[in-house]
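Dear colleague,

I am handing over the structure below, and after it you will find an account of what turned up in it. Please read the two side by side.

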Amino acid sequence: MRADHYDSFAESYSAENESSLLNAYYERPAMLGLAGEVAGRRILDAGCGSGPLSAALSAKGAVVTGFDSSPAMLELARQRLGESADLHLADLSRPLPFADDSFDDVVASLVLHYLEDWSAPLAELRRVLKPGGRLILSVNHPTVSVVTQPTEDYFAVREYSEDYEFDGEPAVLTFWHRPLHAMINAFISAGYRVAAVSEPAPSPDTPHELLPPRILTGEKTAFLSFIFFVLEADRV
């Protein structure tokens, strides 16, 4: 995926993100829950998009810096967060414009699955984290591919594309599938300790009309979509 890929549908994606089941009532509440008490903590929002997670963390008292590779997304984030917001145009696949040990936490919301190589990005995020700091992230759940791509090799690191519709506008997103063991090994190799793994239920505030029927009836308590990790940067 090109660094500016989201520019072509930034506004429609941002609009969808505001109220969709997967973003507003599943992924974002899960990230905030894993972050916990953040008042006074310096947090880097890696791949901040139009800034909804940054806004939520700021509302809880965090001091947030954000970056994204899409100029259009950053402009939407600035409109949301204000002209004084600490926002940067940067690409996670390249060195970041931040000093060593700058942040207490990094949040990477649905970002890493766009990248073929995780080694350099994970190392760079660890560099900007204080010793013992946390990387809180979400990615596409790897086992979903067993259902959606049954002829593909689950155990291979491979590229795939999917068609989406954001706020009525069509878009194509390209991801990199990784089996779970490859994710865990990448974290460990980059110097992180896996502190938590989460496969959460949707928020209890989810409007009933957005919930899958099996959750409404009580047959299921959750669904597979994303997987969440809390990683701690090992102290050197």
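Helices and strands here are DSSP runs, a helix having at least four residues and a strand at least two, and they are numbered from the N terminus. Please keep in mind throughout that this is a predicted model.

With that definition in hand, helix α3 covers residues 52-59, and it is followed by Gly 61, whose phi is positive, near 100°. The buried residues of α3 are Pro 52, Leu 53, Ser 54 and Leu 57. Among the elements that cover these buried residues are the helices α1 (10-19), α2 and α4 (71-81), together with the strands β1 (42-46), β2 (63-68) and β4 (103-109).

On the side of α2 the contact is made by Arg 28, Met 31, Leu 32 and Ala 35, and on the side of α3 by Pro 52, Leu 53, Ala 56 and Leu 57.

Is Asn 23 buried or exposed? Asn 23 counts as buried, because its relative accessibility is 11% and the cut-off for buried is under 20%. Leaving aside neighbours within four places in sequence, Asn 23 is in contact with Tyr 13, Asn 17, Arg 28, Pro 29 and Leu 110.

Ser 198 belongs to strand β8 (residues 192-198), and at 18% relative accessibility Ser 198 counts as buried. When neighbours within four places in sequence are set aside, Ser 198 is in contact with Leu 34, Ile 227 and Phe 228.

Pro 170, by contrast, lies in strand β7 (residues 169-177) and counts as exposed, because its relative accessibility is 64% and exposed means over 50%. With neighbours within four places in sequence again left out, Pro 170 is in contact with Tyr 164 and Glu 165. How far apart are Pro 170 and Tyr 13 in sequence and in space? They are 157 residues apart in sequence and 9.9 Å apart in space, taken from C-alpha to C-alpha.

With kind regards

Note on methods
Residues numbered from 1 in each chain as written. Predicted model: local features only at pLDDT ≥ 70, side-chain atom pairs only at ≥ 80, totals over all residues. Heavy atoms only, no water. Buried < 20%, exposed > 50% of the residue type's maximum accessible area, 1.4 Å probe, protein only. Contact = heavy atoms within 4.5 Å.
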